[in-house]
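Student: Could you take me through the sheet in this model, with a close look at how its strands are arranged and what sits around them? I would like one connected account that I can follow with the structure open.

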Amino acid sequence: MERVRSLEESTVVDAAPEAVYRLVSDLRNMGRWSPECRKVLVSAPPVRSGTRFVGLNRRGPFLWFTTGRVTRASQDREFTFDIGAFGLPIARWGYRFEPEGTGTRVTEFWQDLRTGGRTGRIADRLGAVFAGTNPERRIAVNRAGMRTTLDRIAREAAAARS
């Protein structure tokens with residue numbers, strides 16, 4: 001079976017695109033929303049393309065850190081960042097924001113950057129050792145995590161609107 005290297009999940013949020021973008025682009029919020037990310041260390045907003053950050057992550061007994069760099073910060077439309085560990089590329093994560101009715105369709109997407117070869121195999125092994133997830137299981141873990149993250153973003157954005 002061919003390895004799945006990308007995912008997308010969407011939800012409609014009861015808030016305007018600019019409000020949702022503002023929440024998501026403040027990376028310090030990720031620790032409240034993501035089931036794996038516990039904290040993001042980054043300079044204060046606004047975050048721009050090129051901004052670097054460190055993520056502290058935990059799932060069960062596994063604890064690990066990642067480094068990140070914002071690759072696209074397109075106001076109210078898209079926010080994307082690349083994640084690495086030990087200097088190796090791991091994944092691209094992002095969010096797209098589209099007006100839908102009186103709210104916003106938020107799409108979270110993930111792309112696996114461990115694309116084979118020696119560095120890809122090393123990155124796969126590091127994921128299994130530090131995060132406790134092999135590449136085959138990563139898809140299910142990410143899909144569930146994306147749904148949880150989007151639900152939490154939607155609740156917070158709607159509450160902020162009230």
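Tutor: Happy to: we will start with the strands, go on to the helix and the rings, and then visit some loop residues and a helix residue. Please keep in mind that this is a predicted model.

Let's begin with the overall layout. The sheet is open and has 7 strands, in the order E1-E7-E6-E5-E4-E3-E2, and their pairing is antiparallel. In general, strands of a sheet pair through backbone hydrogen bonds, and they do so either parallel or antiparallel. At the edges you will find strand E1 (6-13) and E2, each of which pairs on one side only. Neighbouring strands of this sheet are turned against each other by 25 degrees on average, with direction ignored.

Next come the aromatic rings. Searching the whole structure gives 6 aromatic pairs. One of them is formed by Trp93 and Trp110: the ring centres are 6.4 Å apart and the planes stand at 55 degrees, so this pair counts as tilted. The cut-off matters here, because only planes over 60 degrees apart would count as edge-to-face. Trp93 belongs to strand E6 (residues 88-100) and Trp110 to strand E7 (residues 103-112), so the pair links distant parts of the chain, 17 residues apart. Both of these tryptophans, Trp93 and Trp110, are buried. Elsewhere, ring pairs link Tyr21, Phe53, Phe79, Phe81 and Phe97 into a cluster.

Now for the loops between strands. Thr51 sits in the loop between strand E2 (37-41) and strand E3 (52-59). Thr51 has a relative accessible area of 15%, so this residue counts as buried. A polar atom of the Thr51 side chain lies 2.9 Å from the backbone oxygen of Arg48. If you set aside neighbours within four places in sequence, the contacts of Thr51 are Val42, Ser43, Gly68, Arg69 and Val70.

Further along, Asp76 is placed in the loop between E4 and E5. Its phi is near 65 degrees, which is a positive value in a residue other than glycine. With 22% relative accessibility, Asp76 is classed as partly exposed, because the buried class takes in values under 20%. Phe86, in the loop between E5 and E6, likewise has a positive phi, near 55 degrees, and is a residue other than glycine. Phe86 has a relative accessibility of 49%, so it counts as partly exposed; the exposed class begins over 50%.

One last stop takes us to a helix. Arg138 is part of helix H4 (residues 135-161). The relative accessible area of Arg138 is 10%, so this arginine is buried.

Notes:
Residues numbered from 1 in each chain as written. Predicted model: local features only at pLDDT ≥ 70, side-chain atom pairs only at ≥ 80, totals over all residues. Heavy atoms only, no water. Helix = DSSP H or I, 4+ residues; strand = E, 2+ residues; numbered from the N terminus. Buried < 20%, exposed > 50% of the residue type's maximum accessible area, 1.4 Å probe, protein only. Phe/Tyr/Trp six-rings, centres within 6.5 Å; stacked < 30°, edge-to-face > 60°. Polar contact = N/O pair within 3.5 Å; in protein donor to acceptor, adjacent residues only side chain to side chain. Contact = heavy atoms within 4.5 Å. Pairing = 2+ DSSP bridges. Axes fitted to C-alpha atoms, helices over the stretch in contact; angles between N-to-C directions.
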